[in-house]
Structures are given as C-alpha cells and as structure tokens.
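Morning, everyone. Let me put the model up and walk you through a few pieces of it.

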Amino acid sequence: MARALRGFPFTEESLQAATDIHPAIVFEPDGYRTDGARLMGRQAAGLGFLRAAVAASRGRPLAGYTARKASADSFAKTVAEIDPQARAQWLNPLRPDALQQLGHLYTPGPGIGELALQRLRVGTHAWSITGVTHTTASHGVMDSLVELPIAPVMPWDAVICTSHAVRGTVETVLEAQRDYLAWRFGEKPRQWSLPQLPVIPLGVHCADFEFGAQERRAARESLRVAADEVVALFVGRLSFHAKAHPHAMYAALEAAAQRSGHKVVLVQCGWFANDAIDRAFREGAAATCPSVRCVFTDGRDERARRASWAAADLFISLSDNIQETFGLTPIEAMAAGLPVLVTDWDGYKDTVRDGVDGFRIATWTPPAGAGERLAWTHEADVDSYDFYCGLTCQFVALDRAMLADRLCLLVQDEALRRRMGDAGRARAREAYDWAVVYRAYQSLWAQLGELRPREAPAAPRASPARLDPFTAFAHYPTHRIAPATLARRRAGANAHDYAPLAGMAIFSYAAREQPSADGFARIWAALGEGGASAEAVATACGATFAETARALAMLAKMGLVELADRSGE
C-alpha cells in the first residue's frame, strides 16, 4: 500500500472525503510572507497554500507550529490579513498532545528529517509529517534529501513533489544515497524506511486573475500600449543566471516582429537583484530585439504586477535553470486566460499542454556525467550556488527555430491566442486552483493517517545527536544523583531563603525549570532535620525520580541543600 501511494492517483471521491483534515503548519515568515524585498516563488506558493488552508478551515482555528513568539504573532497577523474572521492558534512544539490530536504536521520545504527526529521524543506514530519540494538544487536541500534514509521518517510521512521532473530528481538522489550506504557499510540497509513521494502540483487562486475589459484597457493605457500592439509578458525574478536566460526570448520576439509585421511590446515584470543584472537585461534587449519595445515593471508591487497581467496578450517563460522545480507563473497565465509559451522543462512539462494551452519548446542538455566539474567546483566552494546555477544554465539550449515559429503564430493569430487562453483558463480552474489542490493535500493526509499505526513501533527516544545532556555528558561529573544519594538541608539554610535566591538574575533566567514555591515546600518538608534519600524525597513529593533529581541539583547549586554519595555504604 505504501508503494502504491507514491504516485498518488487521487480521485474526486477521495478529494471530497478528507475535507475535515487540517494540519499544524510549520510557520516562519520567510516561508509565507510576500512583502519582503526579495519576492521568491516559494513565498508566493506558501501564501497561496495558507490562503487555501484558511478558506478550508471553516471557522476552526488554524494552528501555526513554531517555537518563537514573534513567528506566532506573524502567523496570526498573516491569517487575519487573509480573513479577519479566521482564527489562528499558536501550537508550541512543547505541546505534543495538541499536535497528536491534529495528527498531521506540514512544513513548506522538503527537509522533514529534523522534524522526524524531534518526533522521536513522543513516538514515530504520533503524527504524520508532510513536506514539499521547491528548489532541489542547493546543497542544503540536497543534504536534507540524502538524510531521509537515515532519518526516522516513516511510510506515513510524505515529501510532496510538485512535478514528475522533480520527483525524478529526488528518486535519483535517494538511489545514489542507497548505493553510497551500501558501499560504506558493506551491504544495503536491512531497513529502508522512506516517506511517500506523491506528485501534487502547486496551485493558484484563479479568481485573482480575472480581469474585465475596462481593467484591461486601463492597464494597456498605463503602459502606453496601442490597440495594434501585441504584448508578450514575462513574470518572475529577472535573473539570467538563476531563473530564465532571456537571449532566446529576445531573439524570437525580434523574429516574430519582423516576420509578422506586428508591433510587439515585451513586458518583463519582476525585480533585479542588483544594478549590474539590470544593465545586462536592458543592454541584451537593446542589442537583440531592437524592433521590440521593452517595458520593465516591478513585480514586487501588487498594482504593477496586476496591470502587467491585465495588459498582456500572451505569456512567455523560457525557464532553463535547475533551481526551478514547478513554475507558478504559467499557471497564473492560464488563469488569466493567456496563451502560454514555455520551455519543455521541469514542471512546465506537466502543466502546459502543448498545442492546447500554448506551446512547449524542446530543450537540450549534455548527457549524464558531463557536469562533474560543475558539481566539483560548487562542492569545493570555488563557485557559489548562484554561480553554479548560472554556469549550468549556459549548457541548457532550446530549439530556436521551433520557438520563433510558435511565437510568430501567437503574435499574428488573435483567434489562436483566444482559443488557447480559454483552454488554459478552464484547465487552471479544473486542476490548479488552490481549492482543488488543497483537497488533494487533504486526501493525501487521510491516506497517510490510514497508514499510521495506532501503537508505537519500537524506536529510540531521541536523535543520537540530541541526547539528554546528562546522558551525553555523564562522564563529566564526580558523582551523579542516584536513588540512594543522601540529600540534607545545608547548615544555616532556611526555607525562606529560596524565593530571594530563585529571583536573583543569576538564577532566574532558568525560572521555568525551578521548583515552584509549593514544590520547594514539599521537598523541604521531605528532607526533615536529618535528610533523606533522593528516592524517598521523590516518593514523599509524588514526583518522578528525574524531576526530584533535577530539583535537588538546583537547590544544591543555590546552596540550600547538600548531597552525599552513599554508594559505598
């Protein structure tokens, strides 16, 4: 059953059956907020997911899972901005009981291994963990993937792959790790527990991309677009090394303008990381497509972005970068009713139906094994991640003749643009609206819940790298408090000394670990005049031995109690 789930062929019945499942959402602002200086696709996707979760919550509180109060406040603020009537709940990681009731924890990245290690303290069966891929090219993400086989992830966990292409990457990396472990330890591991790898796309809120005739006219006027001009639109980060190299787009637009005789405007809606990249784009456009009027708009500004979408006649995105995995903007273009011209690359291969919603342009790369030097120079830190991506994209080519032909068709044939735009809009609403995609998530969570056992399988209680400090550092002290350890009131110490000592700054930073006033009073009474064994104090106080040992150690640190080793008696 676990293997069958990996492709996740969900049905409409399975989507409808799981609408009451709501996870705790791992929340840090960088994963969901889109109002920062650097707007990234993963943040737009994160906010889209959160909007879908709010809509699906139907008045139930939505749980934000974070250890930081500031992040919890940001979660509540973000939820309120989406829907002032929605309720947000802070779920602290130290409240596993509440998380266990929900049964599911969602994180907006693929690195679920660390969360699985934390889950060990409660039990591997306590809840399911779901992550999602965005970029998979960085060392950090690659490391999180190769850690999965040795992390305590279970078949009731999942790393959602947003496209079949990225699932292929994940499976390739995991198979290489399997071979590495077999080489390192002499045989393949006897147990190989991996999460599910279902393919579920990202979504868009289609209603955001509905533009009336009046808004379209106003948008074109704001960009000084004449009625006889055809507007091609690119939306996304304006980065030739880390997003989409623009040269083929510029050359094809020039060819389309020359062949068709139409006036062509290119709107590039995004943002530049620095002035040098800004100049490179402008100079490249001027040199390569002089017949095309080029307009740049700020993709971080909501009004400018909306006007860019509303003014467009067709959408073009020639992604050629390995850091891409899905690509939201073609789905947004489909929702806006625009024909889509994209590369046959990564997630675009899943989402754009060639000849139906638009056209996909064939791509070429060198064969496997031809990039060893690129991998090596990045691993050795000779090349940065940005430079590694930029170098790699220089070896990704596309069919220039096909691109020019397809673009010319779209520029000169308004009826074709309308037909493809209508098909794309219908497809976006049917398959990629967040309301549909979120139900696919809920259906996945339901299936993971069925796989999760009701009793805890045998497992360690913590990561070997995150042991109890008094286990990991047990060789440091002279003595360790044992059941027979004698604890006595220190000569001259009085019960009323505890509160002033506990309140001193040198002790109060650990206030949450200090015995309460009542707890201290019970310990003090249990010690009596002659002292008592640590075990006897625990019994008298109705506490566990571990709780009592911690309290006695802290009181001894304050000078209120003294300890004596009686192991030799």
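Start with a residue pair. Ala24 has Leu105 in E4 as its bridge partner. Keep in mind that this is a predicted model.

Now the strands around that pair. E1 covers residues 24-26, and E4 covers residues 104-106. The two run parallel and are joined by two bridges.

Next, the whole sheet. It is open and has six strands, in the order E3-E2-E1-E4-E5-E6. The pairing is parallel. Which strands sit at the edges? Strand E3, 88-91, and strand E6, 158-160; each pairs on one side only. On average, neighbouring strands are turned by 30 degrees against each other, direction ignored.

H3, residues 69-82, lies across E2 and E3. Its angle to E3 is about 160 degrees.

On to helix packing. H16 is residues 400-412, H17 is residues 414-432. Their axes are 5 Å apart, at an angle of about 100 degrees. So H16 is roughly perpendicular to H17. H16 brings Leu409, Leu410, Val411 and Gln412 to the contact. H17 brings Glu414, Leu416, Arg417 and Met420. By class, that is five nonpolar, one polar and two charged residues.

Then H17 against H18, residues 434-451. Here the angle is about 30 degrees, and the axes are 6 Å apart. So H17 is roughly parallel to H18. From H17 we have Arg429, Glu430, Ala431 and Tyr432. From H18, Trp434, Val436 and Val437. The classes: five nonpolar, no polar, two charged.

That's my tour. Questions, please.

Methods:
Residues numbered from 1 in each chain as written. Predicted model: local features only at pLDDT ≥ 70, side-chain atom pairs only at ≥ 80, totals over all residues. Heavy atoms only, no water. Axes fitted to C-alpha atoms, helices over the stretch in contact; angles between N-to-C directions. Helix = DSSP H or I, 4+ residues; strand = E, 2+ residues; numbered from the N terminus. Parallel < 35°, antiparallel > 145°, perpendicular 65-115°, else oblique. Contact = heavy atoms within 4.5 Å. Nonpolar A, V, L, I, M, F, W, Y, C, P; charged D, E, K, R; others polar. Pairing = 2+ DSSP bridges.
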